[in-house]
Amino acid sequence: MKKLLLVIAAILGLAVVAAAQPRAIGVRAGYGAELSYQHTLGGNNFGEIDLGWNSGAFSAGLAYDFSVAPVGPLNFYVGPQVQIAFVNGGGVGVGAGAQLGLEYCFDFPLQLSLDWKPTFYFVPATAFGWSSIALGIRYLF
């Protein structure tokens with residue numbers, strides 16, 4: 001229960017920081033589908049919140065990404081992420097991992113990204129999720 005409250009507090013904390021900063025909203029599609037929101041957190045770093053549905057589970061993820069090699073409109077990023085999943089039948093899964101990605105921002109308000117979120121789940125049992133590669137399409141505002 002404490003871990004769930006920590007994840008919810010982190011998501012709410014990111015929402016509080018989200019005042020008057022560049023941001024993007026859209027979808028990530030891969031193994032499942034997710035609504036995705038990105039928010040600049042200073043410099044080239046950004047936070048990302050994803051709400052998704054896949055394999056009969058609703059999931060929420062929070063990532064803090066560091067821009068490693070921005071070159072014009074192209075950006076490579078990496079950072080830690082946490083994930084919580086609510087499975088049909090009442091199960092809850094909690095995990096942590098990384099997000100690695102490449103994004104391209106066009107001259108008009110559109111961003112395309114390809115990223116991977118390998119995740120180590122430690123609740124309810126240990127497991128490794130490696131299949132979360134997704135294509136993101138976001139509107140910049």
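**Close-up views of a predicted single-chain model**

**View 1. Arg 28 in strand β1.** Arg 28 sits in strand β1, which spans residues 23-29; strands are DSSP runs of E with at least two residues, helices are runs of H or I with at least four, and both are numbered from the N terminus. The model is predicted, so local features need pLDDT of at least 70 and side-chain atom pairs count only at pLDDT 80 or more, while totals for chains, interfaces and linings use all residues. Residues are numbered from 1 along each chain as its sequence is written, and side-chain values use heavy atoms, with hydrogens and water left out. Arg 28 counts as buried because its relative accessibility is 4% (buried means under 20% relative accessible area, exposed over 50%, partly exposed in between, with a 1.4 Å probe and protein chains only). The Arg 28 side chain has a polar contact of 2.3 Å with the side chain of Glu 34 and another, of 2.5 Å, with the side chain of Asp 115. A polar contact is a pair of N or O atoms within 3.5 Å; within protein, one must be able to donate a hydrogen and the other to accept it, and residues adjacent in sequence count only if both atoms are side-chain atoms. With neighbours within four places in sequence left aside, the residues in contact with Arg 28 include Glu 48, Asp 50, Lys 117, Ser 132 and Arg 138 (contact means heavy atoms within 4.5 Å).

**View 2. Ser 59 in strand β4.** Ser 59 belongs to strand β4. Ser 59 is buried because its relative accessible area is 4%. A polar contact of 3.3 Å links the side chains of Ser 59 and Gln 83. Beyond neighbours within four places in sequence, Ser 59 is in contact with Glu 34, Asp 50, Leu 51, Gly 52, Gln 83, Ile 84 and Ala 85.

**View 3. The largest pocket.** The largest pocket holds about 470 Å³ of space. On a 1 Å grid over the protein atoms alone, a pocket is an open set of points with protein on both sides within 12 Å along at least five of seven lines, whereas a cavity is a set where a 1.4 Å probe fits but cannot get out; lining residues have an atom within 4 Å of a point. Grid points are joined across faces, edges and corners, and a volume is the space filled by probe spheres set on the points. The lining of the largest pocket has 25 residues, and Tyr 31, Asn 54, Gln 83, Tyr 121 and Ser 132 lie nearest its centre. Two or more lining residues come from each of β1, β2 (33-40), β4 (57-67), β5 (74-87), β8 and β10 (133-140). Strand β5 gives the most, with four residues. By class, the lining of the largest pocket has 10 nonpolar, 12 polar and three charged residues; Ala, Val, Leu, Ile, Met, Phe, Trp, Tyr, Cys and Pro count as nonpolar, Asp, Glu, Lys and Arg as charged, and the others, Gly among them, as polar.

**View 4. The second largest pocket.** The volume of the second largest pocket is about 310 Å³. Its lining has 20 residues, with Thr 40, Phe 46, Glu 103, Cys 105 and Gln 111 nearest the centre. The elements that give two or more residues to this lining are β1, β2, β5 and β6 (91-105). Strand β2 gives the most to the lining of the second largest pocket, with three residues. The lining of the second largest pocket divides into eight nonpolar, 10 polar and two charged residues.

View 5. Pro 124 lies in the loop between β8 (119-123) and β9 (127-129). The peptide bond that joins Val 123 and Pro 124 is cis, with omega about 5 degrees. Asp 107 is placed in the loop between β6 and β7 (110-116) and counts as exposed because its relative accessibility is 87%. The C-alpha atoms of Asp 107 and Pro 73 are 8.3 Å apart, and the two residues are 34 apart along the chain. Ser 131 is in the loop between β9 and β10 and counts as partly exposed, at 37% relative accessibility.

**View 6. The whole chain.** Buried residues make up 33% of its 141 residues.
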